[in-house]
Amino acid sequence: MQKLEFPAYEFRLKNSENKPYIFDPIRKKFVRLTPEEWVRQHVLQFLMISKKYPRSLINVEKEITVGNTKKRYDIVIFNSDGSIFLLVECKSPKIKITQHTFDQIARYNLQLKGELLMVTNGLTHYYCAMDFKQERYSFMKEIPNYNIK
């Protein structure tokens, strides 16, 4: 798999029926290793190891309804009160981050109301803080560590 713009992390990998799998520590199972999943697993390690977010506050790939359509978000970090702190959209490294990507996460966030957004293809990362009163977001240099928030 491609080297990404994250620190080096250790992953549990396996092959089954000539297909690669990676262990997801949140879902507690091996999942098919696709380029997008490679990015998702790096983001999870980044959030848990580098940013110190507790595993218990992280959720991965859950279905939501946006308009009349069923969608799946990639990663959510909850506040201790159950509200959403961070919504993450992961793309394959081959996918360029465009306005369409921001529109997608913004549509998801209309429903979820996350305080912060992260969009990444593993090579380029964008972090945004939401301003619900002004109905816009502002870019940030990085997301805060858990113990600082």
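Trainee: In which strand is the place of Asn59?

Mentor: This is a predicted model, in which local features need pLDDT of at least 70 and side-chain atom pairs count only at pLDDT 80 or more, while totals for chains, interfaces and linings use all residues. Residues are numbered from 1 along each chain as its sequence is written, and side-chain values use heavy atoms, with hydrogens and water left out. Strands (E, at least two residues) and helices (H or I, at least four residues) are DSSP runs, numbered from the N terminus. On that basis, Asn59 belongs to residues 58-60, which form strand β4.

Trainee: Is Asn59 buried or exposed?

Mentor: Buried means under 20% relative accessible area, exposed over 50%, and partly exposed in between, with a 1.4 Å probe and protein chains only. The relative accessible area of Asn59 is 19%, so Asn59 is classed as buried.

Trainee: With which residues is Asn59 in contact, leaving aside its neighbours within four places in sequence?

Mentor: Contact means heavy atoms within 4.5 Å. With those neighbours set aside, the partners of Asn59 are Ile26, Tyr73, Asp74, Ile75, Val76 and Phe78.

Trainee: How far apart are the closest N and O atoms of Glu36 and Arg40?

Mentor: A salt bridge is a side-chain nitrogen of Lys or Arg within 4 Å of a carboxyl oxygen of Asp or Glu. Glu36 and Arg40 both lie in helix α1 (residues 35-50), 4 residues apart, about one turn of the helix. Glu36 is partly exposed at 28% relative accessible area, whereas Arg40 is buried at 2%. They form a salt bridge, and the separation of the closest N and O atoms is 2.7 Å.

Trainee: Which residue in helix α1, 3 residues from Arg40, lies about one turn of the helix away?

Mentor: Arg40 also forms a salt bridge in which the closest N and O atoms are 2.2 Å apart. Both partners are buried. The residue 3 places from Arg40 in helix α1 is Glu37.

Trainee: Which residues are linked with Arg40 in a network of salt bridges?

Mentor: A search of the whole structure finds 9 salt bridges. The network that includes Arg40 also links Asp24, Arg27, Glu36, Glu37, Glu61 and Asp74.

Trainee: Which residue in β11 stands opposite Cys128?

Mentor: Two strands pair if DSSP finds at least two bridges between them. Strand β10 (residues 125-131) and strand β11 (residues 136-140) run antiparallel and are joined by 5 bridges. They form a hairpin with 4 residues between them, and Glu135 in the turn has a positive phi of about 55°. Opposite Cys128 stands Phe139.
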